[in-house]
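Please follow the chain on the display as you read, moving from a loop to a group of paired strands.

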Amino acid sequence: MPTQQLKFKPGINREVTSYTAEGGWYDMDKVRFRNGLPEKIGGWERVSSNTFLGTCRALFTWNDLTPETLLAVGTNVKYYIDRGGAYYDVTPIRETTAAGDVTFSATDGSATITVSDTNHGSIPGDFVTFSGAVSLGGNITADVLNAEYEISTVPNANSYTITATATANSSDTGNGGASTVGAYQINIGATTALPFSGWGAGPWSAGTWGNGQVDPTDLAGIRVWSQGNFGEDLVFGYRGGELYYFDTSAGYSNRAVLVSSLSGASNVPTIQNYILVSDTSRFVFCFGANELGGRTHDPMLIRWSDQEDVTNWTPSDTNQAGDVRLSRGSEIITAQQSRQEILVWTDSAVYSMQYVGFGSGVWSTQLLGDNISIASQNATAYAAGISFWMGLDKFYLYDGRIQPLPCAVKRYVFNDFNRDQFAQVHAGTNEQYNEIWWFYCSADSDTLDRYVVYNYVQNIWYYGNMGRTAWLDSELGSYPTAATYNGKLVYHEIGTDDAETSTPVAIDAYITSAQFDIDSGDRFSFVWRMLPDVTFTGSTSDAPAATISLLPLANSGSGYNNPTSEGGSNAGTVTRTTTIPVEQYTGQVNTRVRGRQLAFKIESDGLGVQWQLGVPRIDIRPDGRR
């Protein structure tokens with residue numbers, strides 16, 4: 001008989017059974033498609049050996065006037081500027097005490113120091129920096145006290161504890177003196193979403209009696225940031241917080257300050273849910289802000305500053321500051337600058353904002369679509385002039401009109417999804433490969449552990465397992481940059497291995513086809529030879545190798561044979577699974593596989609291995625009808 005080519009359609013299809021998806025691929029991890037053929041994704045390596053504190057939820061890059069490329073890194077604990085791989089802590093200060101308001105007390109033999117400060121406003125995990133303190137008399141010297149500390153516990157509103165870098169002795173009986181000053185950084189945020197649920201949650205009568213309602217998009221507790229560069233400087237803030245400004249020319253030893261503290265500040269919003277600096281005429285927008293002259297938060301109100309002025313938010317006949325309230329939905333979730341407009345998502349609609357100039361309302365709004373969901377603030381990505389986003393149960397795109405994005409892995413994604421953690425979803429582009437990546441939490445995980453990819457040129461989907469808390473693909477960088485759960489930034493699509501640490505680790509990658517008939521599938525066939533077609537171009541190993549497995553079935557519902565148990569239930573109908581190590585110059589492999597249907601799998605787990613599959617062939621012989 002002639003050889004049978006094993007040629008499969010690109011992309012994964014999990015909307016049907018494995019047998020129904022014949023001719024395609026059905027399962028994978030860390031594999032993509034190039035020109036319709038599967039290949040292992042590129043590796044990643046750490047940007048530097050330095051680490052940041054907390055879980056990163058925001059990456060943003062821009063240039064100063066040098067020009068030097070800067071990277072903002074926003075975590076649930078801190079806000080940093082990454083400059084050449086070094087992290088500069090620019091986290092704003094929420095309060096600085098008067099001299100003498102802070103006092104210390106120590107216990108002999110303990111490193112725990114109790115700090116007294118009336119109405120300090122801190123929570124465990126916050127950071128405070130002390131200055132002006134004198135020695136407590138023993139091991140707890142001035143140098144020990146005058147430093148930054150993380151707050152360990154908060155017994156009450158007037159005291160908290162820290163863990164000193166030295167252990168107190170019997171001489172540490174002082175209180176730090178009358179000149180101690182405490183500078184408190186803004187309160188930290190949580191790393192996972194805490195959905196607002198229970199009695200009283202949601203609108204009146206929502207949910208069952210005594211239970212209230214869970215809102216899957218509620219962002220209570222999770223710290224997410226938004227930001228934009230205002231020239232060489234940075235405007236940023238966390239959701240539900242104030243508006244901060246980092247002046248690059250002031251130097252990286254300085255912290256960001258409130259915009260409302262800058263010279264000439266007028267009616268700067270005191271609360272916002274999302275910040276954007278427009279490409280058109282440089283307006284600063286706050287989405288979901290307090291009303292002008294008040295402090296009441298209106299989650300559907302959009303306010304913008306005067307043109308080219310981050311400080312002036314008071315509308316007048318001589319400036320272009322202004323505001324508008326949207327009507328569809330209960331909360332603005334996010335916004336995005338596109339080619340000719342600013343797109344705004346509420347929790348149920350999408351709007352367009354366009355600049356119309358002085359005397360015409362400055363910015364006009366238009367409803368683009370209603371009854372539309374969005375998973376999170378960071379669930380959108382923009383590529384090839386199209387906006388893509390993840391909803392609560394489907395994907396969407398906007399290319400001039402809003403439409404659902406057909407998805408061949410929709411059930412796989414949304415049927416195994418931790419819906420309490422929608423707020424963690426984030427998207428990013430990988431322009432080199434024409435991809436949109438979404439990271440999300442699987443059903444049993446409170447942390448990001450899965451990704452799903454849409455290739456908008458090939459119009460295909462694929463997925464895998466990976467934990468990245470933020471992603472940035474920018475023309476200012478050579479590689480996509482991502483944040484890990486280990487406090488590190490990594491460059492993606494570089495090398496072949498996981499080089500997050502100084503010791504590279506192999507990346508396990510595989511792809512498995514859907515089930516397909518051997519010959520016509522009406523009788524048993526015997527596969528006695530395979531002619532592999534694999535290229536290892538890009539490998540750094542001297543002997544790159546992948547493993548090909550032929551997974552036979554007696555019929556589409558019988559399950560694969562267990563190769564380690566010849567006496568299993570499939571014995572006698574399916575001889576065994578054949579697993580074939582394929583190296584760079586393997587020309588053919590003899591096999592012994594018997595069945596009516598077959599699935600094909602290629603995988604690798606070696607260091608320095610990069611591969612792309614071509615079109616392998618199998619030699620088959622008829623082997624009877626039973």
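In this predicted model, Glu308 is found in the loop that lies between strand S23 (301-304) and strand S24 (322-325). Although Glu308 is not a glycine, its phi is positive, at about 60 degrees, and the residue is partly exposed, with a relative accessible area of 42%. Val362 also has a positive phi, of about 70 degrees, without being a glycine, but its place is in strand S28 (residues 362-370), and Val362 is buried, because its relative accessible area of 8% falls under the 20% cut-off.

Another backbone feature can be found at Thr66 and Pro67, which are joined by a cis peptide bond with omega about 0 degrees; Pro67 sits in the loop between strand S6 (56-63) and strand S7 (69-75).

Strand S33 (residues 426-430) runs antiparallel to S34 and is joined to it by 5 bridges, with Asn430 standing opposite Glu435. The two strands, S33 and S34, form a hairpin with 4 residues between them, and Asn434 in the turn has a positive phi of about 60 degrees. S34 is also joined by 6 bridges to strand S35 (residues 450-455), in an antiparallel arrangement, where Phe439 stands opposite Tyr451.

Definitions and conventions
Residues numbered from 1 in each chain as written. Predicted model: local features only at pLDDT ≥ 70, side-chain atom pairs only at ≥ 80, totals over all residues. Heavy atoms only, no water. Pairing = 2+ DSSP bridges. Buried < 20%, exposed > 50% of the residue type's maximum accessible area, 1.4 Å probe, protein only.
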